[in-house]
Amino acid sequence: MTSTQAEIDRSQLGTLSVLAWIGDPEEAHDIPYLLAYTLGDGPQGREAGEAAARGLLEEIGLPIGDVVMDGTLKAATFPVQILLEGNQIALTLPGMNARCTAPDEWVAAADESGQAYFLFATRAWPEAVPGQPVAPETLQAFAGDESVLTSSAHCVLAVRRVQR
């Protein structure tokens, strides 16, 4: 017997945003992080958007919780991709993509390690509006919140560069 999975209505996600930051190099924590999240502004509201985010992650095979997948092992076929050109990050997932500008220190750390730690939060974050700066303490309050971390997908991704 086989079963099929319902197609996720990606429009319920609303605005998909990404934010790049780096850990504190003074604490030997210079890991480049990339966080994807929705604003909760989908047509049926925040709860429907959060449910759509969980469904999307399930659909593409990214577990939610404390499992960290290693997307560098089969980087070419992993369902999430990071492409870096200059300071511009393009995040690609099946059927969707998002872009952001990375700080210079993020680019340097990604160039050195060739990878980034990626989180896809299922909890909406309407306060982090694209194009507006996010204060470090605001980022820490969201990305460091245990309920956000346990309801997110986590993976290490290869950072690929545009070939010229």
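This note covers the pocket, the cavity and the aromatic pairs of a predicted model.

1. Basis. The model is predicted: local features need pLDDT of at least 70, side-chain atom pairs count only at pLDDT 80 or more, and totals for chains, interfaces and linings use all residues. Residues are numbered from 1 along each chain as its sequence is written, and side-chain values use heavy atoms, with hydrogens and water left out.

2. Largest pocket. The largest pocket holds about 640 Å³ of space. A pocket is an open set of points on a 1 Å grid over the protein atoms alone, with protein on both sides within 12 Å along at least five of seven lines; lining residues have an atom within 4 Å of a point. Grid points are joined across faces, edges and corners, and a volume is the space filled by probe spheres set on the points.

3. Pocket lining. There are 30 lining residues, and Leu19, Ala20, Trp21, Val134 and Leu139 lie nearest the centre of the pocket. Two or more residues each come from β1 (16-22), β2 (32-38), β6 (96-101) and α3 (136-143). Strand β1 gives the most, six residues. Helices (H or I, at least four residues) and strands (E, at least two) are DSSP runs, numbered from the N terminus. By type, the lining has 20 nonpolar, eight polar and two charged residues. Here Ala, Val, Leu, Ile, Met, Phe, Trp, Tyr, Cys and Pro count as nonpolar, Asp, Glu, Lys and Arg as charged, and the others, Gly among them, as polar.

4. Cavity. The whole structure has one cavity of 30 Å³ or more, where a cavity is a set of points at which a 1.4 Å probe fits but cannot get out. The volume of the largest cavity is about 30 Å³. Its lining consists of Gly71, Ala75, Val80, Gln81, Leu157, Ala158 and Arg160. Strand β8 (residues 152-161) supplies the largest share, three residues. Four of the lining residues are nonpolar, two polar and one charged.

5. Aromatic pairs. Five aromatic pairs are found in the whole structure. Rings of Phe, Tyr and Trp (its six-membered ring) pair if their centres lie within 6.5 Å; planes under 30 degrees apart count as stacked, over 60 as edge-to-face and the rest as tilted. The rings of tryptophan 125 and phenylalanine 142 are stacked, because their centres are 4.2 Å apart and their planes at 0°. Tryptophan 125 lies in the loop between β7 (115-121) and α3, and phenylalanine 142 in helix α3, so the pair ties together parts 17 residues apart in sequence. Ring pairs also link Trp21, Tyr33 and Tyr117 into a cluster.

6. Burial. Tryptophan 125 counts as buried at 3% relative accessibility, and phenylalanine 142 counts as buried at 4%. Buried means under 20% relative accessible area, exposed over 50%, and partly exposed in between (1.4 Å probe, protein chains only).
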